[in-house]
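Q: Please pick one part of this protein and look at it closely. Go step by step, and tell me how that part sits in the whole.

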Amino acid sequence: MSEQPLAARMRPQTPAEFVGQKHLVGPGRALQKLLDRGALPSLILWGPAGTGKTTLAHILAETVGAQLITLSAVSSGVADARKVMEGAKGGMFKTVLFVDEVHRWSKAQQDVLLPAVEEGTVTLIGATTENPYFSLNTPLLSRCLLLRLEPLEADDIAALVHRALTDEERGLGSLHLSIEAEALAHLVTISGGDARMALTGLEAASLAAQEDDVATISLELMADAVQRKAVVYDRQGDAHYDVVSAFIKSIRGSDPDAALFWLARMIEAGEDPRFIARRLIVHASEDVGLADPMALLQAIAAAHAVEHVGLPEARLNLAQATIYLARAPKSNSVYVALGAAQADALGAEPVPAHLRDASYGGARALGHGAGYVYPHDEPGRWADQPYRPEGYEGRRYFQPSGMGQDTEEWTPGSGPTPRGRSGRLGDQTGPKEQQT
């Protein structure tokens with residue numbers, strides 16, 4: 001066993017060994033086309049830990065025959081960057097400056113890079129786990145091509161694990177270990193798309209296997225080695241959908257404790273937090289709706305937090321939104337209304353002439369807009385005119401549920417209702433009151 005960590009030993013050294021990020025690298029992709037021409041623009045690599053940012057920087061520099069100099073923004077500063085840029089002037093080889101965790105530099109420190117990047121003295125490759133639109137200077141970002149790396153797919157992680165188990169030169173091949181399917185699935189799940197975490201877990205399990213003098217890494221051994229209990233949860237199988245279903249039904253049933261239980265299981269099992277956030281956004285309109293319009297804002301805010309902060313901190317934002325939605329009054333009036341409207345909208349009835357677009361030349365000659373009454377010119381800013389094809393005018397889709405703020409009755413022709421009561425925007429009084 002080498003003293004160098006397995007994740008470092010197994011770092012891909014050629015484009016062929018690089019796994020994942022098929023939307024960026026591979027035949028026909030824009031980045032690959034640039035590399036085929038020997039061109040490498042300044043880049044910002046944005047993605048979670050363990051998705052291949054550092055590896056990709058090394059491979060890109062080697063592909064174009066450039067000298068790669070690495071700085072860590074955690075331990076390096078302006079003086080180090082200036083030294084690299086001075087050394088790059090007049091050099092025989094193109095210099096690629098790789099700045100890891102570039103978001104840790106202040107905006108003033110980032111400004112130092114601008115002249116060298118602008119003049120092409122160095123090619124900058126910055127790696128960041130933070131949203132660059134928040135953490136990087138706009139001038140620097142505008143001079144770089146932004147590439148977003150995604151968490152590795154389960155198949156990609158599994159392929160890396162098998163490669164490490166069989167590689168006798170850099171990996172664990174000389175140990176002749178095998179791994180049970182359940183143990184591999186557990187490792188893939190807890191890694192959350194992080195290759196470094198997966199290989200570190202595999203190395204810990206291999207050490208445990210040697211101590212126990214066994215040739216197979218079992219689920220029990222893997223769970224003990226990585227100190228993470230195996231959760232019965234498969235992100236591609238029935239358990240995934242069952243847990244999500246239980247989560248949403250607990251919120252719909254106004255049970256915040258049960259909802260938190262299922263949320264915790266998803267987080268512990270390595271579920272994609274963006275998936276959880278999307279489900280909360282949908283639920284906010286489907287099951288809370290106009291009974292508490294703030295529910296949608298809470299869910300959207302949690303989704304933004306997931307993108308901007310990430311796990312583990314964003315688990316608190318997801319929990320807050322979950323509790324808020326579970327405690328909110330429930331109404332499915334939006335869901336029911338849209339469903340009823342969609343059933344009617346399947347028809348092929350043409351748009352009434354007075355509602356058609358009359359903004360282009362010749363439209364009015366075709367009768368478009370004829371007879372349309374502009375509501376702002378009418379008392380109460382409401383006009384008694386149909387807005388649907390003939391035969392549909394009297395059909396009601398939206399019916400207030402009577403829950404929370406979703407209580408204001410409204411009927412066609414009665415005018416607008418006050419802001420914030422039924423969700424319809426309008427004046428504080430209807431046309432009849434204003435006329436009186």
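A: Start with one term. A salt bridge is a side-chain nitrogen of Lys or Arg within 4 Å of a carboxyl oxygen of Asp or Glu. With that rule, a search of the whole structure finds 12 salt bridges. Keep in mind that this is a predicted model.

Take Glu307 and Arg148. Their side chains meet in a salt bridge, with N and O 2.8 Å apart. Glu307 is in helix H16 (residues 294-308) and Arg148 is in strand S5 (residues 145-148), so this pair ties together parts that are 159 residues apart in sequence. Are these two residues buried, partly exposed or exposed? Buried means under 20% relative accessible area, exposed means over 50%, and partly exposed is in between. Glu307 has 34% relative accessibility, so it counts as partly exposed. Arg148 has 30%, so it is partly exposed too.

Now a second pair. Glu150 and Arg274 also form a salt bridge through their side chains, at 3.2 Å from N to O. Glu150 lies in the loop between S5 and helix H9 (154-166), while Arg274 lies in helix H15 (residues 273-288), so the pair ties together parts that are 124 residues apart in sequence. Glu150 has a relative accessible area of 28%, which makes it partly exposed. Arg274 has 22%, so it is partly exposed as well.

Arg170 pairs with Asp167, and their closest N and O atoms are 4.0 Å apart. Both Arg170 and Asp167 are buried.

Go back to H16, the helix that holds Glu307.

Which residues of H16 are buried? They are Ala295, Gln298, Ala299, Ala302, Ala303, Ala305 and Val306. These residues cover an arc of only 160° around the axis, so they lie on the same side of H16. What do they face? The buried residues of H16 pack against H15 and helix H17 (314-327). H15 is also the helix of Arg274. After H16 comes Gly310, whose phi is positive, near 80°.

Most residues other than glycine have a negative phi. Asp213 sits in the loop between H11 and strand S7 (216-217). With a relative accessible area of 71%, Asp213 is exposed. Ser254 also has a positive phi, near 60°. Its place is the loop between H13 and helix H14 (256-268). At 40% relative accessibility, Ser254 counts as partly exposed.

H13 (residues 238-252) also holds His240. His240 is at 5% relative accessibility, so it counts as buried. The C-alpha atoms of His240 and Glu271 are 8.6 Å apart, although 31 residues separate them along the chain.

Next, the nonpolar cores. The largest has 30 residues, and Leu202, Ile217 and Met222 touch the most other members. Helix H1 (6-9), H9, helix H10 (181-191), helix H11 (195-212) and helix H12 (219-226) each give two or more residues to this core. H11 gives the largest share, 7 residues. Another core lies apart from it, with 27 residues, among them Val243, Val244, Ala259 and Ala295. Ala295 is one of the buried residues of H16. In the largest core, look at Leu202. Leaving out residues up to four places away in sequence, Leu202 touches Leu6, Val161, Ala164, Leu165, Leu172, Leu187 and Ile217.

Finally, the whole. The protein has 19 helices and 7 strands. Of its 436 residues, 42% are buried. Among contacts with a separation of 6 or more, 69% are between residues 24 or more positions apart. The accessible surface comes to about 23,200 Å², and carbon and sulfur atoms hold 53% of it.

How values were computed. Residues numbered from 1 in each chain as written. Predicted model: local features only at pLDDT ≥ 70, side-chain atom pairs only at ≥ 80, totals over all residues. Heavy atoms only, no water. Helix = DSSP H or I, 4+ residues; strand = E, 2+ residues; numbered from the N terminus. Buried < 20%, exposed > 50% of the residue type's maximum accessible area, 1.4 Å probe, protein only. Arc of directions from axis to C-beta. Contact = heavy atoms within 4.5 Å. Core = buried A, V, L, I, M, F, W, Y, C linked by side-chain atoms within 4.5 Å. Areas by Shrake-Rupley, 256 points an atom, 1.4 Å probe, with all protein chains shown as cover.
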